[in-house]
Amino acid sequence: AVVSTQSTGEEVERYLDRMEKWFPHIFVLDKLDESLMLFKEDMCWGYEDLFYLGRMKSNSKRSKDISDETRARLRRALLPDVRLYERFKARLEKRLAEKGPEFWQTVEEFRARKKEFEERCLQ
């Protein structure tokens, strides 16, 4: 069963429970580098396997112009998407909280190498 904007909160939660079992790796755009480094560890990949060109930038001014009422209506209308994001971001944050300094050094090294990669590729 697929969830939609017409689904109840309970239906959405049941679907998300199944998704957690189906997908051990979910990437959260807010924490993309961290998500990729967890994936790197799990897959035993190298940095080069995960480089991407970071050209997507959101217009944060536009999202700030939305009223609280509109934001609440959108949240209700997009409940499945909101819950998906909240659930998997919380799962990611829990995994990240368990990581020590070595992991965070890996994230910083990845960012530095990715920056060099972008500079080479975008010349």
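Biologist: How many salt bridges does the structure hold?

Modeller: The model is a predicted one. A salt bridge requires a side-chain nitrogen of Lys or Arg within 4 Å of a carboxyl oxygen of Asp or Glu. By that rule, the number of salt bridges in the structure is 19.

Biologist: How many residues apart in sequence are the parts tied together by Arg-83 and Glu-13?

Modeller: The side chains of Arg-83 and Glu-13 meet in a salt bridge of 2.5 Å, N to O. Arg-83 lies in helix 5 and Glu-13 in helix 1 (residues 9–22), so the parts that this pair ties together have a separation in sequence of 70 residues.

Biologist: Is Arg-87, the partner of Glu-20, buried or exposed?

Modeller: Arg-87 and Glu-20 form a salt bridge at 2.5 Å, N to O. The pair links distant parts of the chain, with Arg-87 in helix 5 and Glu-20 in helix 1, 67 residues apart. Glu-20 is partly exposed at a relative accessible area of 28%. Buried means under 20%; at 15% relative accessibility, Arg-87 therefore counts as buried.

Biologist: In which helix do Glu-109 and Arg-113 both lie?

Modeller: Glu-109 forms a salt bridge with Arg-113, and the closest N and O atoms are 2.8 Å apart. The two residues are 4 residues apart, about one turn of the helix, and both lie in helix 6.

Biologist: What is the nearest side chain of opposite charge to Lys-40?

Modeller: Lys-40 belongs to helix 2, and its charged end sits over the ring of Tyr-47, 5.0 Å from the ring centre. Among the residues that Lys-40 touches are Trp-45, Leu-50 and Thr-106. Lys-40 is buried yet has no salt bridge; at a distance of 6.9 Å, the nearest side chain of opposite charge is Glu-41.

Biologist: Which residues form one aromatic cluster with Tyr-47?

Modeller: Tyr-47 and Phe-110 are stacked, at 6.1 Å centre to centre and 25° between the planes. Tyr-47 lies in the loop between helix 2 (32–43) and helix 3 (60–64), whereas Phe-110 lies in helix 6 (residues 101–121), so the pair ties together parts that are 63 residues apart in sequence. Tyr-47 is buried at 10% relative accessible area, and Phe-110 is buried at 0%. The residues that form one aromatic cluster with Tyr-47 are Phe-51, Phe-110 and Phe-117.

Biologist: Which residues touch the most other members of the largest nonpolar core?

Modeller: In soluble globular proteins, nonpolar side chains tend to be buried together. The largest nonpolar core has 14 residues, and the elements giving two or more residues to this core are helix 2, helix 5 (79–97) and helix 6. Met-37 touches residues including Leu-50, Phe-103 and Phe-110. The residues touching the most other members are Met-37, Leu-50, Phe-103 and Phe-110.

Methods. Residues are numbered from 1 along each chain as its sequence is written. This is a predicted model: local features need pLDDT of at least 70, side-chain atom pairs count only at pLDDT 80 or more; totals for chains, interfaces and linings use all residues. Side-chain values use heavy atoms; hydrogens and water are left out. Rings of Phe, Tyr and Trp (its six-membered ring) pair if their centres lie within 6.5 Å; planes under 30 degrees apart count as stacked, over 60 as edge-to-face and the rest as tilted. Buried means under 20% relative accessible area, exposed over 50%, partly exposed in between (1.4 Å probe, protein chains only). A charge sits over a ring if NZ of Lys or CZ of Arg is within 6 Å of the ring centre and within 35 degrees of the ring normal. A nonpolar core is a set of buried Ala, Val, Leu, Ile, Met, Phe, Trp, Tyr and Cys residues joined through side-chain atoms within 4.5 Å. Contact means heavy atoms within 4.5 Å. Lys and Arg count as positive and Asp and Glu as negative; His and the chain ends are not counted. Lists of a residue's contacts leave out its neighbours within four places in sequence.
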